[in-house]
Amino acid sequence: MFRRYRIPLCCWRGNADDSELGPAQARVADSPDAEKEAEARRFGCAEIESLTGKFATAAVVGEGGCSTVYLARLPDSSLAALKLHRPSERLHRAYRQELDVLLRLRHPHIVRLLGYCDDREEEGVLVFEYAPNGSLHEKLHGGGEVLPWARRMAIAYQVAQALDYLHEGCDPQVVHGDVKAANVLLDRRLEAKVCDFGSARVGFSAAVAPPRSARAMVVGSPGYVDPHYLRSGMVSKKSDVYSFGVLLLELLTGAEAFDAERERRLTAELGPVLRDPEGRAAEVVDARMSGVYDAGEAKAAAAVAAVCVRDNPTLRPSMAEVVGMLRASSSASIATVESKKLR
């Protein structure tokens with residue numbers, strides 16, 4: 001069995017209230033041509049241990065209640081993030097679910113799985129590409145350099161494209177189930193990579209209720225969870241749409257989706273803005289940008305977010321519609337970021 005080391009939670013950056021290590025700390029997926037790469041490789045136990053120096057404590061980059069993430073060096077000397085799941089029957093089922101989803105995904109804005117190891121019973125390893133710029137949550141709330149407006153809108157557009165692919169471009173379709181800033185990684189060019197498919201549901205074309213035994217476990221994160229799901233237990237693609245709307249508000253305002261100290265959701269805080277997004281968007285734009293943003297795009301982003309977080313799921317747009325709205329309203333910012341990528 002793999003050897004493990006317990007590292008205090010203070011040793012990894014990210015949300016301390018996450019019950020499981022989020023991919024925000026895994027720092028995965030840094031490939032501009034991920035969809036063109038070879039399929040994930042199956043590693044043996046000895047190989048996995050060698051990639052991390054036999055799971056050396058110095059290689060730990062994150063730890064949560066259910067997994068530990070190590071910085072690994074592949075045989076070609078490139079870096080990777082290796083996620084080791086805790087050994088238990090229940091967690092191994094979650095690992096198998098995440099692996100099964102990841103193996104079928106190919107999209108430039110979804111993390112790419114490099115490999116895996118499932119040799120040990122009730123234990124599993126996932127190997128991802130390394131993403132040096134951490135998570136969107138860290139970029140927005142970590143106190144570092146302020147993320148500029150054009151980059152924020154480009155990230156929103158990229159995440160929307162990834163979710164549209166999951167909802168309509170996969171067979172069977174996939175509901176992510178835990179869309180949040182901590183589950184959007186940023187590669188070396190600050191391109192968005194959606195990650196963490198441990199809560200994903202596969203094959204939902206509309207809305208279905210989870211098994212009764214699973215209803216006691218709420219899927220999602222505070223501030224992002226669809227209120228309709230909380231009331232009904234019904235999971236659907238529109239649940240992801242709601243969470244994306246919260247993420248868009250986060251990009252617009254720079255505020256966290258959930259204020260733990262006040263136990264206040266961002267959507268509740270922005271109630272007046274959501275009722276009049278075009279008229280009041282300027283009041284809530286992240287002040288750290290010092291007024292350097294496109295006012296028209298900000299109004300449009302607020303309007304898109306407002307329709308995404310509507311209480312009635314049937315009134316929310318599809319992610320394909322969201323992609324179209326963002327493409328039309330934020331074309332200038334998206335083009336600015338794309339032009340920098342070509343230099």
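Among contacts in the protein chain between residues at least 6 apart in sequence, 70% join residues at least 24 apart. The model is predicted, and its protein chain contains 13 helices and 14 strands. Of the 343 residues in the chain, 53% are buried. A search of the whole structure gives 18 salt bridges, and there are 3 cavities of 30 Å³ or more.

**Cavities**

- The largest cavity has a volume of about 150 Å³. Its lining comprises 17 residues, of which Gly-177, Asp-178, Val-219, Tyr-229 and Ser-239 are the closest to the cavity centre.
- By residue class, the lining of the largest cavity divides into 7 nonpolar, 6 polar and 4 charged residues.
- Helix α7, which spans residues 237–253, supplies the largest share of this lining, namely 3 residues.

**Asp-178 and its salt bridge**

- Asp-178, one of the residues closest to the centre of the largest cavity, forms a salt bridge with Lys-180. The closest N and O atoms of this pair are 3.9 Å apart, and the cut-off for a salt bridge is 4 Å.
- Lys-180 has a relative accessibility of 5% and therefore counts as buried, the limit being under 20%.
- Asp-178 has a relative accessible area of 10%, so this residue is buried as well.

- Arg-96 and Asp-118 form a salt bridge in which the closest N and O atoms are 2.6 Å apart. The pair links distant parts of the chain, 22 residues apart: Arg-96 belongs to helix α3 (residues 89–103), and Asp-118 to the loop between β5 (113–117) and β6 (125–129).
- The two partners fall into separate accessibility classes: Arg-96 counts as partly exposed because its relative accessibility is 29%, whereas Asp-118 counts as buried because its value is 18%.
- A salt bridge also joins the side chains of Arg-112 and Glu-129, with an N to O distance of 2.7 Å. This pair likewise links distant parts of the chain, 17 residues apart, with Arg-112 in the loop between α3 and β5 and Glu-129 in strand β6.
- Arg-112 and Glu-129 are both buried.

**Surroundings of Arg-152**

- Arg-152 is located in helix α5, residues 149–169. With a relative accessible area of 0%, Arg-152 is therefore classed as buried.
- A polar atom of the Arg-152 side chain lies 2.8 Å from the backbone oxygen of Leu-147.
- With neighbours within four places in sequence left aside, Arg-152 is in contact with Leu-140, Val-146, Leu-147, Leu-251, Leu-252, Gly-254, Asp-286, Arg-288 and Met-289.

**Surroundings of Ser-333**

- Ser-333 is placed in helix α13, which covers residues 331–341. Its relative accessibility is 5%, so Ser-333 counts as buried.
- Apart from residues up to four places away in sequence, Ser-333 touches Trp-149, Ala-150, Met-153 and Glu-297.

**Backbone geometry**

- The peptide bond from Asp-171 to Pro-172 is cis, with omega near 5 degrees. Pro-172 is situated in the loop between α5 and β7 (174–175).
- Leu-190 is not a glycine, yet has a positive phi of about 65 degrees. This residue occupies the loop between β8 (184–186) and β9 (192–194).
- Ser-290, also not a glycine, has a positive phi of about 55 degrees. Its position is in the loop between α10 (277–280) and α11 (295–308).

How values were computed. Residues numbered from 1 in each chain as written. Predicted model: local features only at pLDDT ≥ 70, side-chain atom pairs only at ≥ 80, totals over all residues. Heavy atoms only, no water. 1 Å grid on protein atoms, 1.4 Å probe; cavity = no way out; pocket = protein on both sides within 12 Å on 5 of 7 lines; lining within 4 Å. Points joined across faces, edges and corners; volume = space filled by probe spheres on them. Helix = DSSP H or I, 4+ residues; strand = E, 2+ residues; numbered from the N terminus. Nonpolar A, V, L, I, M, F, W, Y, C, P; charged D, E, K, R; others polar. Buried < 20%, exposed > 50% of the residue type's maximum accessible area, 1.4 Å probe, protein only. Polar contact = N/O pair within 3.5 Å; in protein donor to acceptor, adjacent residues only side chain to side chain. Contact = heavy atoms within 4.5 Å.
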